[in-house]
Amino acid sequence: MTIPTSSVEQVIPGQGAMAQPEPAKPGRARRKRFRFVANGKALTGLIVLGLYLLFAIIGPWVAPYDPDARGPALTAPPSADHWFGTTHLGQDILSQVLVGTRGVMLVGLAAGALATILSVLIGVTAGYLGGGWDDSLSALSNVFLVIPALPLIIIVTAAAPGGGDTLVALIIGFTSWAWGARVLRAQTLSLRRREYVEAARANGESTWRIIIFEILPNLTAIIASGFVGTVIFAVTSEITLAFIGIGSVSSWNWGTILFWAQSQQALAQGAWWWFVPAGLAIAFLGTALSLINFGIDEFVSPRLRSAGKTKIKTASGRTVRMRVGFTPVLSNSSAPHTHARPIPVNTAAATPVNRSKEATQ
Amino acid sequence: MRYLLQRILFYVFTAWAAITINFFIPRMIPGDPVKSLLARFQGQMSTDAIDSLYVLFGLDKDASIWSQYLDYWKQLFHGDLGLSFTAFPASVSQVISDALPWTVALVGITTIISFLLGTGLGVLAGWRRGSWIDGLLPTTTFLSSVPYFWLGLLAIYLLAGPDSFFPSSGGYEPGLVPAWDQYFIPSAIQHSLLPALTILISSVSGWILSMRNMMVTVAAEDYITVAHAKGLSERRVALGYAARNALLPNVSGFALSLGFIVGGTLLVEIVFSYPGLGFLLFRAVGAKDYPLMQGIFLVITISVLVANLIADIAYLMLDPRTRKEG
């Protein structure tokens with residue numbers, strides 16, 4: 001888990017107490033958005049995420065077989081007919097992965113959206129209203145933060161009858177909002193004392209108007225990064241639930257594939273094709289989402305960007321590491337650190353400087 | 001001291017909340033999934049045991065919810081978590097106390113190693129930004145996105161086998177009796193190597209990342225520049241000035257993310273059939289053994305709370321500002 005170190009200050013520098021505090025001018029916003037996409041990490045993440053969304057939509061149509069249909073080839077390794085091999089019943093694993101994408105993405109995005117809405121409601125309210133609201137709401141989010149989420153999700157889902165994707169999404173959403181709420185509260189606390197918010201308050205704007213039009217736009221980056229983080233968590237939790245056999249066992253998702261692989265002793269049979277594709281699918285989705293999050297973090301706080309090449313070879317063959325705010329010092333050298341040579345002083349031709357003459361000119 | 005008292009109060013409150021959630025969950029189940037199971041064992045159960053289950057699951061609809069709640073607490077204070085359906089004559093507390101040491105040893109030790117290792121690498125990565133360690137970041141991102149259990153599956157497939165040094169399942173050699181002797185301990189260590197490695201690989205990257213980011217932030221502070229200007233050695237500035245300050249948020253992060261980590265590690269136990277709480281929970285879920293599930297949830301939650309408290313005390317020792325008030 002990354003501890004968010006970002007601050008909103010860098011996004012909107014010096015929005016003073018103007019009469020009409022606008023979050024950002026449209027032109028500037030467009031340029032910023034473009035800069036976000038120009039970030040290599042974010043772009044890679046977005047492209048991969050786009051591919052997943054595409055397969056979530058078209059997956060069931062492009063799947064070569066019915067994921068439940070049994071075939072003659074039992075536990076067969078990958079071949080031209082079955083690109084990812086088959087299960088113990090001769091089901092096509094590629095089709096299962098493709099059909100499963102939709103369930104995974106739906107639950108992940110729905111749970112992420114629900115948790116984000118909750119975290120915004122709770123975090124911003126606690127941060128802005130302060131006082132008793134803050135105390136009780138922060139206590140609530142801290143409680144949810146400290147209670148181990150996965151065991152809680154497991155026992156609630158196991159107790160609930162039927163299962164189904166909607167229920168799983170609801171349970172994950174309701175249990176995973178706390179981290180976002182905590183971060184948002186901290187940021188709101190620092191925003192509410194800004195001059196433009198004070199100005200809006202002095203103008204007599206209602207509390208909700210201030211929150212929605214003055215505070216929320218400045219929290220966009222944090223909300224987005226919270227959403228992406230929750231989606232990662234939701235996807236992993238959902239797959240975990242399916243893997244241990246609770247939740248949606250009837251519908252296909254990657255966890256279901258792993259569940260069958262584990263229960264049918266795929267490992268002992270050496271059937272690597274059974275569990276590798278689903279796991280890689282999860283890993284690449286998670287990596288894509290993390291990359292988007294790094295992109296957001298670095299966009300907000302440029303210091304976090306991994307610096308390019310910082311080692312430089314000097315003409316004399318020494319390596320120097322450049323760092324922000326430092327003048328490189330060449331260690332282990334007796335020679336002076338500059339290329340300047342002592343200026344030869346010609347005593348014979350020395351001319352005294354006449355300061356008074358200089359001053360009069 | 002005031003800080004510590006506040007924290008303790010908070011954990012007591014959280015424990016109360018978790019226990020209350022645990023009280024209400026079985027009461028929200030429509031129908032009585034427990035009743036059928038109760039009927040199955042009716043002949044073999046003592047009346048005391050049946051009473052205790054009635055209290056735990058709220059099957060006595062005559063009593064008000066409030067008196068049920070009081071009874072529930074009374075029972076918890078006696079350490080009575082009901083009977084396990086799967087391990088029938090054994091009580092839940094017995095079953096859990098058999099499994100708990102395994103989890104505490106495996107998860108506790110690997111989490112601490114992972115934290116120390118990750119923080120150390122994070123210090124390096126943050127201080128030497130742009131060196132080869134930055135190239136490590138995408139790899140760690142990928143590894144932290146892989147679910148713990150899948151990495152476990154892969155580890156079993158690649159490293160364990162009939163002829164391999166690493167056993168693929170269990171906590172010790174089947175023929176051995178758990179005891180502190182020269183046969184059992186090496187076997188237990190050998191069996192825990194692969195699960196521990198799995199947990200280490202997937203959890204270490206989170207610490208590297210958060211520590212790196214903190215280091216990068218701290219490295220731009222004025223006091224670091226001053227320390228350099230004083231002519232202190234690079235090493236001293238990195239460890240004594242930057243890392244010390246960057247560590248603080250990471251320690252509080254450690255406390256907060258413990259819940260996530262414990263959740264993930266339970267799954268590693270499932271994959272390796274390691275005789276800890278995770279595997280027990282897995283079996284309980286499979287057999288719909290509700291008393292056992294609830295007991296495990298309570299024990300895990302309380303353990304995480306205790307670990308959090310310890311992390312808070314560590315924070316107290318690291319950060320003088322929290323001590324000043326009291």
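Which residues have the most contacts inside the largest nonpolar core? In this predicted model, they are Trp254(A), Leu258(A) and Leu285(A), together with Ile96(B) and Leu277(B), in a core of 124 residues. Domain 1 (2-77) and domain 2 (93-322) of chain B each give residues to this core, so the core lies between them.

Apart from neighbours within four places in sequence, Ile96(B) is in contact with Leu277(B), Leu81(B), Leu280(B), Leu292(B), Gly295(B), Ile296(B) and Val299(B).

Helix α12 of chain B, which covers residues 290-318, holds Asn308(B). Asn308(B) counts as buried because its relative accessibility is 1%, under the 20% limit. With neighbours within four places in sequence left aside, Asn308(B) is in contact with Val146(A) from chain A, and with Tyr11(B), Ala255(B), Leu256(B) and Leu258(B) from chain B.

The aromatic rings come next. Over all chains, there are 13 aromatic pairs. One of them joins Phe259(A) and Trp260(A) edge-to-face, at 5.3 Å centre to centre and with 70° between the planes. Trp260(A) has a relative accessible area of 32% and is therefore partly exposed. In chain B, Phe23(B) and Phe24(B) also form an edge-to-face pair, with 4.9 Å centre to centre and 80° between the planes. Phe23(B) is buried, at a relative accessible area of 0%, whereas Phe24(B) is partly exposed, at 37%.

A ring in chain A takes part in another kind of arrangement: the charged end of Arg209(A) sits over the ring of Phe213(A), 4.6 Å from its centre.

Technical notes:
Residues numbered from 1 in each chain as written. Chains lettered and ligands numbered in written order. Predicted model: local features only at pLDDT ≥ 70, side-chain atom pairs only at ≥ 80, totals over all residues. Heavy atoms only, no water. Core = buried A, V, L, I, M, F, W, Y, C linked by side-chain atoms within 4.5 Å. Buried < 20%, exposed > 50% of the residue type's maximum accessible area, 1.4 Å probe, protein only. Domains from an automatic or database assignment. Contact = heavy atoms within 4.5 Å. Helix = DSSP H or I, 4+ residues; strand = E, 2+ residues; numbered from the N terminus. Phe/Tyr/Trp six-rings, centres within 6.5 Å; stacked < 30°, edge-to-face > 60°. Lys NZ or Arg CZ within 6 Å of the ring centre and 35° of its normal.
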